[in-house]
Amino acid sequence: MNTSKPLSLTVFMALLSVRIMAQMAASPEVTPFSSESANKKSAAENKFYVKAYGFYGLLTPGGFSGQGVDPSSTYSYSSGTYTTKSSDYKVDKSFGAGLRVGGGVGLVVNDFINIGIDGEYILGETATESFTTTSEYRNNSSEPTTNYIAKVQKDYDYTIVNIIPNITFKAVSKPEYYIYNRLGLCIGIPTTLSYVNTSNFTYPDNPSARYEIEMTNELEKKVGFGYQAALGIQFRIVDQLRGFVELVISSVQLKSNSSEVTKAQYSYVDGNTSQIDQPVEIDESQRRTDNLNLKIPVSSVGLGAGIAFRF
């Protein structure tokens, strides 16, 4: 997967933080946000803040990489050889896009630095990947090869709670606003993590036949870790109430080592019969899959806005 873009932006924000700290050391007399004595007194008295915000992920760099798709496999049995080849892999939507809501609390350490902890809930737009598998089974006898083509689509449903301890560095400051960047550690706790695998089979030797199977899988939920970086501007609305807008880069990598089929349904149609729809009984030995080692990057670049109240 390609993570160079979000990492480059994060490095830029980290370097900006270092520059801000250097300016702090060189110019300790500078007092961000306000130079008026009355405002200094108010800021000194209001050391704590709470905030609420919304965020929308517009870009999802470093998303799916097709890690669960085997490009080619061959299995030999006593009766013959089974071969599959996968192609046309694509991602329609990746993890991290869409709406998030959150809030946080923090402490104004001094005129240059705030520390805080945020919590946000990722509502999770459905993430989708698809590919085509061409399969054939060749008997050891003189019987002809049987071919079929399967178009596979996986629709992932997810929600995540992020806990984000963070530090804010104030940069350019004026009496009514300041520009800042924020760096934080993301602790991602998945609350929903599942996918529906839909496979549509067609048979070149019998074009009128179609077979579809839909399987719902619950993935093991494990805590993931990552980072968040933001560049924003905070402005005064009234004395203790502020508004802010920011550009946010966020990345958390989840992992799942197992999945379990919770529901399966199939339908079959050919030229000689009507459509048959019925549930599939999954053998207990095939219901659970272990050792997946599935890595799920939840990455986004988006815009956020909110309000903060100092007290």
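Reader: Which strands each supply at least two residues of the nonpolar patch?

Author: Happy to start there: in this predicted model, strand E1 (48-59) and strand E4 (98-108) each supply at least two residues. E1 gives the most, with 3 residues. Among the members of the patch are Tyr-56, Leu-58, Leu-59 and Leu-99, and the whole patch has about 800 Å² of accessible area.

Reader: What makes Leu-99 partly exposed?

Author: Leu-99, in strand E4, has a relative accessible area of 39%. Buried means under 20% and exposed means over 50%, so with 39% Leu-99 is partly exposed.

Reader: Why is Glu-120 called buried?

Author: Glu-120 sits in strand E5 (residues 113-122). Its relative accessible area is 4%, and the cut-off for buried is under 20%, so Glu-120 counts as buried.

Reader: How do you know that the side chain of Glu-120 makes a polar contact with the side chain of Tyr-53?

Author: The distance is 3.0 Å, and the limit for a polar contact is within 3.5 Å. The side chains of Glu-120 and Arg-100 are likewise joined by a polar contact, of 2.9 Å.

Reader: Nice. Which residues have the most contacts inside the largest nonpolar core?

Author: They are Phe-95, Tyr-158, Leu-219, Ile-296 and Val-298, in a core of 16 residues. Strands E7 (146-174), E8 (177-202), E11 (241-256) and E15 (294-310) give two or more residues each, and E7 gives the most, with 4 residues. A second, separate core of 6 residues includes Phe-131 and Tyr-148.

Key:
Residues numbered from 1 in each chain as written. Predicted model: local features only at pLDDT ≥ 70, side-chain atom pairs only at ≥ 80, totals over all residues. Heavy atoms only, no water. Patch = residues over 30% accessible without salt bridge, like charges linked within 9 Å, V, L, I, M, F, W, Y side chains within 5 Å. Areas by Shrake-Rupley, 256 points an atom, 1.4 Å probe, with all protein chains shown as cover. Salt bridge = Lys/Arg side-chain N within 4 Å of Asp/Glu carboxyl O. Buried < 20%, exposed > 50% of the residue type's maximum accessible area, 1.4 Å probe, protein only. Core = buried A, V, L, I, M, F, W, Y, C linked by side-chain atoms within 4.5 Å. Polar contact = N/O pair within 3.5 Å; in protein donor to acceptor, adjacent residues only side chain to side chain.
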